[in-house]
Every structure is written in structure tokens, then in C-alpha cells.
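Dear colleague,

A short account of the findings follows it.

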Amino acid sequence: MTTRGQKQAKSRRYSIGMVAETFGIHEQTLRMYEREGLLVPSRSARNTRYYTDADLERLQCILNLTREMGVNLAGVQVILGMRDRMEEMHHNMMALLDYVREHLAAQSANALMRVPPTHIVLAESMTLEPSARVRPPSPPRNGQL
């Protein structure tokens, strides 16, 4: 379920003129970044470029690298490639963690089902004073029921 704010954030699109004006750069600079593969805007059905919020974030990164750090476009391409790869690895790692959590939860549930109820000690009873703890019933001795 998406909230209204998330839905609006996903649908925002910006024209090349709006982006150029916002960032104080020429439209040709944006086209050059596209030719170099640094920034790939989406296209409408009429083949008009439009930029998303993710594109604007990437553009801000490009401008920071070139203007403030003096990195040339080849360096920017290497850095952005590494950044993209790191994000992909992070995504894969999170998917692996989710899988392990689900697998462990299933294993725990199966293991818990195999333990006789008389051997299960509730966590609540572990935090009580020793005299207030509920003790599991003792197993029957020989000859007793």
C-alpha cells in the first residue's frame, strides 16, 4: 500500500529545461551526460526526455564530483559505476538476509513443534523471581501416573 506522498513522489517528472534551470546548467550539458552514459533520462511516448527524482539525485552527484572535487567525466563514470555496483550488492545482501531470516524462522517453528510441551519454558517465567517462576511439570516416575 502506498501513501499519497509516495505516489506523488514516484510520478514526478521534470523536463530537460526545468532540470537545466534548477541546476544552473545548459541543456546541452545534460545531453552530453546522456551521451557519456552518466545520466539516462526516461522517455515519454513521444520520445521526450524526462527526469525523475532519482535522476536529479544522480545529477547532483555528478555536479558535486565535477565542480567541487575536480573529477573529470571519465572519473565520474568510474565512481558512479562503483556506486551502482555497491547499491546492487547492498540490495542482494538485504535479499539474502531476508531469506536467512525466513529460513531461520521456519526452522525455529519446526524445532519448537518437536519439543514436548512439558519442556517449553516461557520467556516470561525467565524474568520472574526464582520463587515466582512456573516450573514445567516433572516427568512421571516409574509406577506413577
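The notes below concern salt bridges and a surface patch.

Please bear in mind that this is a predicted model. A search of the whole structure finds nine salt bridges, and several are described here.

Within helix α3 (residues 27–35), Glu27 and Arg31 lie four residues apart, about one turn of the helix. Their side chains form a salt bridge, with an N to O distance of 3.5 Å. Glu27 is partly exposed at a relative accessible area of 30%, and Arg31 is likewise partly exposed at 22%.

Helix α3 also contributes Glu34, whose partner Arg49 belongs to strand β2 (residues 49–50); this pair links distant parts of the chain, 15 residues apart. The N to O distance in the salt bridge of Arg49 and Glu34 is 2.4 Å. Glu34 has a relative accessible area of 19%, so this residue counts as buried, the cut-off being under 20%. Together with Arg43, the residues Glu34 and Arg49 are linked in a network of salt bridges.

A further salt bridge joins Arg58 and Asp84, with the closest N and O atoms 2.9 Å apart. Arg58 is in helix α4 (residues 53–68) and Asp84 in helix α5, so that the pair, 26 residues apart, links distant parts of the chain. Arg58 counts as buried at 18% relative accessibility, whereas Asp84 counts as partly exposed at 31%.

Finally, Met93, Met94, Leu96, Leu97, Tyr99, Val100 and Leu104 make a nonpolar surface patch of about 650 Å². Of these residues, Leu104 is placed in helix α5 (residues 73–114).

With kind regards

Notes:
Residues numbered from 1 in each chain as written. Predicted model: local features only at pLDDT ≥ 70, side-chain atom pairs only at ≥ 80, totals over all residues. Heavy atoms only, no water. Patch = residues over 30% accessible without salt bridge, like charges linked within 9 Å, V, L, I, M, F, W, Y side chains within 5 Å. Areas by Shrake-Rupley, 256 points an atom, 1.4 Å probe, with all protein chains shown as cover. Salt bridge = Lys/Arg side-chain N within 4 Å of Asp/Glu carboxyl O. Helix = DSSP H or I, 4+ residues; strand = E, 2+ residues; numbered from the N terminus. Buried < 20%, exposed > 50% of the residue type's maximum accessible area, 1.4 Å probe, protein only.
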